[in-house]
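Student: I would like to learn how to read a model like this one. Please take me through it feature by feature.

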Amino acid sequence: MMSWLRRKASAAVPGEPSAAAAGTAEAAGENPDGGALAAAVAEDRELPEVDTSTPLLTVRGVERSFSVGGDTLHVLKGINMELYPLQLVMLKGRSGSGKTTLLNLIGGLDQPNRGEILFKGHPFHSSSDDKRTYIRRQDIGFIFQSFALMPLLSAWENVELSLRMAGVPRSQWKGRIAHCLELVGLTKRMHHRPFELSGGEQQRVAIAKAIAHKPSLLLADEPTAELDSQMGAQVMAVFREIIRTERTTICMTTHDQTIMEVADRVFEMVDGKFVGRDAG
Ligand SMILES: Nc1ncnc2c1ncn2[C@@H]1O[C@H](COP(=O)(O)OP(=O)(O)OP(=O)(O)O)[C@@H](O)[C@H]1O
């Protein structure tokens with residue numbers, strides 16, 4: 001897993017081939033007869049089919065404002081977007097443009113003043129807090145800039161906590177935790193607590209924690225902001241592998257132009273609206 005991670009991480013660096021292309025090239029290079037490549041193709045064939053033509057999430061005409069000291073602050077001013085299965089989508093924009101506000105709405109943490117948000121057909125804009133919390137715990141994962149790990153728990157225990165919260169049967173915990181930690185390349189660090197891990201490793205524990213309950217949608221607010229470029233590239237490589245093998249859609253915010261190069265889709269936000277081809 002770690003050798004995979006290294007080659008994928010280098011592929012996420014600007015100017016290098018794409019992650020998928022680099023992975024394939026190296027797989028063939030490791031094994032001149034193409035055996036590794038054949039194995040990878042066979043593995044892909046066994047992954048569950050996903051209908052990528054139907055949006056996982058639809059945002060229509062969304063507006064969000066806040067009351068601040070008697071004034072109304074209009075933060076989102078009519079957002080329309082669709083997220084499709086297996087996409088890596090990025091929201092970019094200057095500080096204060098409304099990215100986190102939108103991410104919170106998409107994840108059902110907050111509700112719009114106007115407009116619709118449909119996640120797998122569930123109307124988040126009109127659902128109760130309890131209903132949104134239930135859906136979120138079942139099918140959405142969150143990753144934050146500051147990792148949000150429990151400091152006294154090991155990597156293993158942090159992931160376990162997430163499964164407990166999602167109500168996953170205890171009998172499934174061991175296998176799922178081992179799988180998630182392997183996926184992020186942390187099998188050898190599973191008993192370390194956060195302070196015994198690097199920033200990049202902590203963020204990878206946070207990713208394992210966020211995907212443990214097999215969410216369809218993973219939301220990440222500036223997940224690479226606290227990391228140097230190499231660790232940031234590793235995190236992006238892990239994201240790509242999660243999309244491929246866990247069949248997840250990822251929507252993240254970032255300021256980092258190099259990171260944006262690995263996105264399937266980039267939405268640019270200026271003052272609460274999308275600009276460019278997504279405007280309107
Ligand atoms: N609960 C709230 N109450 C009042 N104002 C808020 C609230 N949440 C966000 N805002 C305001 O909305 C604007 C957009 O904030 P938001 O965090 O969405 O921006 P952002 O694009 O994510 O910025 P950054 O890149 O710095 O994280 C800011 O002016 C912020 O102060």
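**Contacts, sheet, helices and ligand shell**

Tutor: Contact means C-beta atoms, placed from the backbone, within 7 Å. This is a predicted model: local features need pLDDT of at least 70, side-chain atom pairs count only at pLDDT 80 or more, and totals for chains, interfaces and linings use all residues. Numbering starts from 1 along each chain as its sequence is written.

Student: Where is Ile-135 found?

Tutor: Helices (H or I, at least four residues) and strands (E, at least two) are DSSP runs, numbered from the N terminus. Ile-135 is in helix H5, residues 129–139.

Student: Why does Ile-135 count as partly exposed?

Tutor: Count C-beta atoms, placed from the backbone, within 10 Å of the residue's own: 20 or more others is buried, 12 or fewer is exposed, and in between is partly exposed. Ile-135 has 17 C-beta neighbours inside 10 Å, so it counts as partly exposed.

Student: What is the order of the strands in the sheet?

Tutor: Two strands pair if DSSP finds at least two bridges between them. Here four strands form an open sheet, ordered E2-E1-E4-E5, with antiparallel pairing. E2 and strand E5 (122–123) are at the edges, each with a single partner strand, so one side of each has no neighbour in the sheet.

Student: How many bridges link E1 and E2?

Tutor: E1 and E2 pair over 10 bridges, in the antiparallel sense. Ser-67 has Thr-72 in E2 as its bridge partner. The hairpin has two residues between the strands, and Gly-69 takes a positive phi near 55 degrees there.

Student: How many bridges join E1 to strand E4?

Tutor: Five, again antiparallel, with E4 covering residues 114–119. Leu-57 is partnered by Phe-119 in E4. Arg-60 is partnered by Glu-116, also in E4.

Student: Which strands does H4 lie across?

Tutor: For angles, axes are lines fitted to C-alpha atoms, for helices over the stretch in contact, and values run from 0 to 180 degrees between N-to-C directions. H4 lies across E1, E2 and E4, at about 120 degrees to E1.

Student: Which residues are around the ligand?

Tutor: Near means a C-beta atom, placed from the backbone, within 6 Å of the molecule. The residues around the ligand include Phe-66, Val-68, Gly-93, Lys-99 and Thr-100. Strand E1 (57–68), strand E2 (71–83) and helix H4 (99–106) each give two or more residues to this shell. H4 gives the largest share, three residues. The shell holds four nonpolar, seven polar and one charged residue. Ala, Val, Leu, Ile, Met, Phe, Trp, Tyr, Cys and Pro count as nonpolar; Asp, Glu, Lys and Arg as charged; the others, Gly among them, as polar.

Student: What span should helix H6 have?

Tutor: The expected span is 1.5 Å times one less than the number of residues. H6 (residues 155–166) has 12 residues and should span 16 Å; its end C-alpha atoms are 17 Å apart, which agrees. Its buried residues, including Trp-156 and Leu-163, pack against helix H7 (173–183) and helix H8 (199–211). Just after H6, Gly-167 takes a positive phi of about 75 degrees.

Technical notes. Two residues are in contact if their C-beta atoms, placed from the backbone, lie within 7 Å.
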